[in-house]
Amino acid sequence: MINPHIATIAKTLLQARRDRQPADPAQHVDQLQSTDEAYAVQELVRKELTPKQTAVGRYWKSGASSRDASLLSSALLDSGVWASPAQARDWPFNMRLIEIEIALKINRLVAPEEAASLTHEQAHALIGAMAVTIEIVDSRWQQTDQLQPLLKLADLQTHGALVVGNWMPYSAQEVERDWARQRCTVKIGQAPAQEFVGTHSTQDPRWLLPFWLRHVTASGASVPAGTVVTTGSWCGMPAAQSGDLVVASFDGVGMTSVQL
């Protein structure tokens with residue numbers, strides 16, 4: 001039996017977007033029982049907001065707090081993906097938390113049969129390019145103690161918008177990049193730049209590729225060439241304010257910026 005709360009929660013999130021006011025999560029406590037149900041909410045919201053968007057999204061976010069934690073993924077809305085340098089002054093955010101990430105672009109179609117047995121090494125060979133990205137984390141829920149993880153997942157993993165820098169071809173030498181020594185910085189407004197080295201939660205942003213590809217193809221769909229996935233924050237989630245210029249830089253990869 002399909003959980004009737006799935007449609008109700010989707011309607012709540014859609015209303016919060018229309019009203020530009022975060023919804024109270026208290027009325028939905030314990031209504032979602034699994035990640036599959038949270039993903040079902042995501043899909044209802046995505047179809048309502050972008051009915052012409054392809055069935056398999058062109059842009060995804062994926063990540064985990066560690067290699068031992070469950071990987072979570074969300075298809076992003078095309079309308080909220082912007083090229084750097086981006087202007088977001090008029091975008092209706094309820095909050096503005098910042099994640100700086102590496103995005104990976106797939107170089108060819110991946111069918112479900114291939115994804116099911118991919119090793120990490122085989123998945124690395126599917127990378128065509130990579131770029132520096134800034135995710136602006138936002139929420140359609142009020143930030144209360146009753147905001148449960150499944151409700152966050154249902155709300156596109158609290159995704160607001162994604163800014164994508166220039167794509168750098170993934171050459172043979174990139175296979176040997178030492179991500180444990182990767183340096184990156186983020187500067188938010190007038191605050192001093194913050195520096196991070198080797199701070200990715202899974203040690204290597206490429207690690208999630210086989211798991212993400214299996215998630216996307218679980219319904220039987222293939223992943224088209226050119227599909228992009230962001231791979232998790234290197235800086236935690238520092239807060240930004242309206243009016244701040246946010247600049248992210250990864251040594252040897254590139255930089256990305258967004259004016260809030």
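These notebook entries record what I looked up in one predicted model.

**Entry 1: Glu 101**

I began with Glu 101, which I located in strand S5, residues 97–106. I found that Glu 101 is buried yet has no salt bridge. The nearest side chain of opposite charge belongs to Lys 61, and it is 5.7 Å away.

I then asked which backbone atom lies 3.3 Å from a polar atom of the Glu 101 side chain. It is the backbone nitrogen of Thr 231. Leaving aside residues up to four places away in sequence, I noted that Glu 101 touches several others, including Thr 231, Trp 234, Glu 135 and Phe 250.

**Entry 2: Salt bridges**

Side chains of opposite charge can pair when their charged atoms come close. My search of the whole structure gave ten salt bridges. I looked at three of them.

Lys 61 and Glu 135 meet through their side chains at 2.9 Å, N to O. This pair links distant parts of the chain, with Lys 61 in strand S1 (residues 59–63) and Glu 135 in strand S6 (residues 127–137), 74 residues apart. I recorded both Lys 61 and Glu 135 as buried.

Asp 155 and Arg 140 form a salt bridge at 2.8 Å, N to O. Asp 155 lies in the loop between H5 and S7, while Arg 140 lies in the loop between S6 and H5, 15 residues apart. Are these two residues buried or exposed? Asp 155 has 2% relative accessibility and counts as buried. Arg 140 is buried as well, with a relative accessible area of 5%.

Glu 195 forms a salt bridge with Arg 183, and their closest N and O atoms are 3.2 Å apart. Glu 195 is in strand S10 (residues 194–197) and Arg 183 is in strand S9, twelve residues apart. Arg 183, at 32% relative accessibility, counts as partly exposed. I also noted that salt bridges with shared partners join Asp 138, Arg 140 and Asp 155 into one network.

**Entry 3: Aromatic rings**

I counted five aromatic pairs. In one of them, the ring centres of Trp 179 and Trp 234 are 6.1 Å apart and the planes stand at 45 degrees, so the pair is tilted. The two residues are 55 residues apart: Trp 179 is in the loop between strands S8 and S9, and Trp 234 is in the loop between strands S11 and S12. Trp 179 is buried at 3% relative accessibility, and Trp 234 is buried at 1%.

I then turned to Trp 207 and Phe 211, whose ring centres are 4.9 Å apart with planes at 40 degrees, so this pair is also tilted. Trp 207 counts as buried at 12% relative accessibility, whereas Phe 211 counts as partly exposed at 34%.

Returning to Trp 179, I found that it forms one aromatic cluster with Trp 234 and Phe 250. The charged end of Arg 177 sits over the ring of Trp 179, 5.5 Å from its centre.

**Entry 4: Backbone**

Most residues other than glycine have a negative phi, and most peptide bonds are trans. I looked for exceptions. Asp 30, in the loop between helices H1 and H2, has a positive phi near 65 degrees. Thr 158 has a positive phi of about 55 degrees. This threonine, Thr 158, lies in the loop between helix H5 and strand S7 and is buried at 13% relative accessibility.

Where did I find a cis peptide bond? It joins Ser 84 and Pro 85, with omega about 0 degrees. Pro 85 lies in the loop between strands S3 and S4.

Note on methods. Residues numbered from 1 in each chain as written. Predicted model: local features only at pLDDT ≥ 70, side-chain atom pairs only at ≥ 80, totals over all residues. Heavy atoms only, no water. Helix = DSSP H or I, 4+ residues; strand = E, 2+ residues; numbered from the N terminus. Buried < 20%, exposed > 50% of the residue type's maximum accessible area, 1.4 Å probe, protein only. Lys, Arg positive; Asp, Glu negative; His and termini not counted. Salt bridge = Lys/Arg side-chain N within 4 Å of Asp/Glu carboxyl O. Polar contact = N/O pair within 3.5 Å; in protein donor to acceptor, adjacent residues only side chain to side chain. Contact = heavy atoms within 4.5 Å. Phe/Tyr/Trp six-rings, centres within 6.5 Å; stacked < 30°, edge-to-face > 60°. Lys NZ or Arg CZ within 6 Å of the ring centre and 35° of its normal.
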